[in-house]
Amino acid sequence: GHCTTVCPTGALTLKPTLPHVYRAIHDPELTVVAQIAPAVRAAFREYYAIDAADVMPVLSAGLKQLGFDYVFDTCWAADLTIMEEGTEFLSRLAEGGVLPQITSCCPAWVNYCEKMAPDILPHLSSCKSPQQMFGAVMKQYFAKQLNVRPELLYFVSIMPCNAKKYEAKRPEFQTDGIPDVDMVLTTNDVIAMFRERHIDPHVLSPVPLDDLFGKVSGAGIIFGASGGVAEAALRLAAERVTGRRMEGFAYEGVRGLQGVKETTVVLGDSQVRLAVVSGLQNAQNLIDRIRSGDAPYDLIEVMACPGGCINGSGNPAPLLTSDTEQRLDVLYRLDEDAAIRTSQDNPSVQDIYANWLGQPYSEISHHALHTTYRRRSMRVQETAEKPREQMPVIE
Ligand code: SF4
C-alpha cells in the first residue's frame, strides 16, 4: 500500500528478505555463506524437538540443501568479540578509561542509546557485534582464502532478531561500498524457507559445520542468554588478570532470567563490579542511575530483549515461561559440554590473530572490528538545527 505516515521504530521500512536470498543461492557466480547466531539453536531445537547436540549439524544440512555453500556459527565471532571487548575492558581499567564499559552487541540497545541517551555513548564498547565482526572477517579475510572477490561472497546471517536487519544496513558496516553482511534472515524466516522447500529437519542427516571457523567455545554459545556476554568476558579477564588457567568457568551471579543482576567478582587483587540488565525499561533505569552517579560498576551488559536474544523477536514466540527457561538451559548445557570453554582457547581465533590481526585491540583490529557511535537524537530542539536523518531502508 501507499503508507505516508512516519513509523518511529522503522518497522515500516522492513521489506521481505527471502526473495533476495533465493536469488543469491541460485546465482552461480556467488559463493553464499551463512552464519547462525547462538540463540537460534535454542529456538530451533524447541520448534522441531531435536536434540540440542544435533541442532547445528541439522540446521547446517538444511541450509546446504537450500543451496548455501558454507555454514558457520556466529559463536566463533562471539569468541573474537570477547578477545577484543575483554582486552578493551582491561585497557580501560588499566589506563583510567571511561567506566563502566557497556556492551554494544545488541543493535536495539545501541539504537536506543544513540537516540535517547547520547551522553552514555562514551561508555559503549567500540567493538562491532559478532554479526558484524564475522561480516568483516568474511569480506576481508575469508574471501581471500577462497580466492573470491568480496563482492561475489554473499554473506547471510541467521538471527533471532529483527534489529540485526537494521544493524547490517548501517552505512559504517560496509567495506569499500560492499556490505559486510548482505542479508539477515530470522529464525522464523528459515523455518518458512524449510517449509517452502519441503525440507524436514527430522529426516536430514546432520552435516558438521565448515572448517576454518568450525570450532566455537562455550563462552561464545552463552552469548544468546542475558548475562552470557558478561560471563564470557569474565572468563577472559580472569585468566589475563591472575595469569592462571581457570579451574571453574561458571559465574552464577550473572545467570538467570531476572531483568537486573548485580555481582562482584574477585580477580586476584582486584574486584570487578558487574551489572547485567535486559529489557529497555531496565536499561533506561540504569541510564538514570549512571547520570546521577549511582552506578558503581566496571562492566555492564545490556540486552533490549527480556532474558536476552533467546527471546528475540525473530525467534518463534515462547509459549510458556518454561520455554524461555529451557532455551536458557540449552545454551548453558551446550557450554558445559563444549570441548573449549573460553574464547582465548579457540584455536581458529588464535589463528586469525597469527595470520591477520596481530594482537587483540591492534590497529588492524581497530580498522576491521571496531566502530563508532553518534547522536541520533529525535528531540525537537535538535531536529530544528539539523536536517532529519534518513533511516536506512531495510530490504
Ligand atoms: Fe536482538 Fe533482542 Fe538480542 Fe538485542 S537482545 S540483539 S534486540 S535479539
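So, which strands does helix H10 lie across? Helix H10, residues 228-242, lies across S8, S9 and S10, and runs at about 10° to S8. That angle is taken between N-to-C directions on a scale from 0 to 180 degrees, with axes as lines fitted to C-alpha atoms, for helices over the stretch in contact. Contact here means C-beta atoms, placed from the backbone, within 7 Å.

Quick housekeeping. This is a predicted model, where local features need pLDDT of at least 70, side-chain atom pairs count only at pLDDT 80 or more, and totals for chains, interfaces and linings use all residues. Residues are numbered from 1 along each chain as its sequence is written. Helices (H or I, at least four residues) and strands (E, at least two) are DSSP runs, numbered from the N terminus.

Now the sheet. It's open, with four strands in the order S3-S10-S9-S8, and the pairing is mixed; two strands pair if DSSP finds at least two bridges between them. S3 (101-102) and S8 are the edge strands, each with a single partner, so one side of each has no neighbour in the sheet.

S8 (260-267) and S9 (270-278) are antiparallel over eight bridges, and Thr264 has Arg273 as its bridge partner. The two strands make a hairpin with two residues between them, and Gly268 in the turn has a positive phi of about 60°.

Next, S9 and S10 (299-303) run parallel, joined by five bridges, with Leu274 opposite Leu299.

Conventions: Two residues are in contact if their C-beta atoms, placed from the backbone, lie within 7 Å.
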